[in-house]
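This report describes a structural model for a reader who is new to the subject. Please examine the sequence and the structure shown below before reading on.

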Amino acid sequence: MTQRIPIVENILSANDQMAQKNLEIFDHAGVFAINIMASPGAGKTTFIIKTLEALQRRLRMGVIEGDLATSIDAEKAAAAGLPAVQINTGGECHLDAVMIARAIPSLPLTELDLVIVENVGNLVCPANFKIGTHINILIASTPEGDDKPYKYPGMYRGIQALIINKIDLLPYVSFDMDYFRRGVEVLNPGVVTFPLSAKTGEGMDAWADWLVNIVKSRKPAEA
Amino acid sequence: MHELAVTRSILDIALSHAQKASAKRITSINLVIGKLASVVDESVQFYWDILSNGTIAKGAKLNFTRIPAEMRCFDCGNVFNPGDSTFACPVCQSVRVQVTKGDELRIDSIDVE
């Protein structure tokens, strides 16, 4: 005889629970963690390197590198004197909470203020998988086009900050900033947005200051 | 491609609930998936046939209830399904709208014997 068992459970609840554990580990160590997502070619690597440079005197940082394809690879971060760990995603299209849980023990968390996770370059898959960072950040870039919020709404729903990279290319590409921002505003009302160029440095200060503020305001004063 | 991970989670959840109910076989799995969750039914089915092999869920039917994206206009109160390239309200053209449905990604129930 057939019997129906009601479940009503989020399909990714196991991942969500693991993400929550990661968050608790970060919190316990007093470290702030950010998840950086973008499509391939949005300038994630350059953006992260410039962010590390801008903040190296202000914060103690570590990197979890999840993007094998583009990658500041972990070696480059390590060469800059930063603790870094490379995740072998085995070709997966996204990072998940278990991968982060495995990477965490390789970082000296209690000696850090900020952990930057570079997710796999992809605008679809990473949106569904929480990894346990405090905030999710998406880097959009002007050459990708202004229709991305409409085409990849899931990605724009779950972020706490949006970077619009490559604004130095605005004169050369077809990118209607108002159309783009209207789409973002529907999906994620009031999300903090930083138009900038990681290449020229324009706008990087505002982003760096915001990040330092949020890290320091979250972190309990050290005894 | 994240459908592989999604499918693995569906199987884990279904098996654990079936086991609790001492079921011998899972005959169907009832899924609710919103348009904004970006999950492709055919891919889930493809991975399902492989992953469920050798479990009591082998051959179970996957029933997908698809929820279209739904938005509500703050200005005129109209509730609508957005198009692919604009989220503006089709009645008053306002872009002050809010997503009300379409994020779903859950198992509602399973049928067992």
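What percentage of the 113 residues in chain B do buried residues make up? In this predicted model, buried residues account for 48% of the 113 residues in chain B.

**Secondary structure and dimensions**

Chain B contains two helices and six strands. Along the sequence, these elements of chain B occur in the pattern α-β-α-β-β-β-β-β. The radius of gyration of chain B is 18 Å, whereas a compact globule of 113 residues would have a value near 13 Å. The C-alpha trace of chain B spans about 55 × 25 × 15 Å along its principal axes.

**Contacts, surface and charge**

Of the contacts in chain B between residues at least 6 apart in sequence, 70% join residues at least 24 apart. The table gives further values for this chain.

| Property of chain B | Value |
|---|---|
| Accessible surface | about 5500 Å² |
| Share of accessible surface belonging to carbon and sulfur atoms | 52% |
| Positive side chains | 12 side chains |
| Negative side chains | 13 side chains |
| Distance between the centres of the two charge sets | 4 Å |

**A residue of chain A**

The report now turns to a single residue. A:Asn15 lies in helix α1 of chain A, which covers residues 13-29. Is A:Asn15 buried or exposed? Because its relative accessible area is 10%, and buried means under 20%, A:Asn15 is buried. Leaving aside residues up to four places away in sequence, A:Asn15 touches A:Asp96, A:Ala97, A:Val98, A:Phe129 and A:Lys130.

How values were computed. Residues are numbered from 1 along each chain as its sequence is written. Chains are lettered from A and ligands numbered from 1 in the order in which they are written. This is a predicted model: local features need pLDDT of at least 70, side-chain atom pairs count only at pLDDT 80 or more; totals for chains, interfaces and linings use all residues. Side-chain values use heavy atoms; hydrogens and water are left out. Helices (H or I, at least four residues) and strands (E, at least two) are DSSP runs, numbered from the N terminus. The radius of gyration is taken over C-alpha atoms; the globule rule is 2.2 Å times the number of residues to the power 0.38. Buried means under 20% relative accessible area, exposed over 50%, partly exposed in between (1.4 Å probe, protein chains only). Contact means heavy atoms within 4.5 Å. Accessible areas come from the Shrake-Rupley method with a 1.4 Å probe; for residues, only the protein chains shown count as cover. Lys and Arg count as positive and Asp and Glu as negative; His and the chain ends are not counted. The place of a charge is taken as NZ of Lys, CZ of Arg, CG of Asp or CD of Glu.
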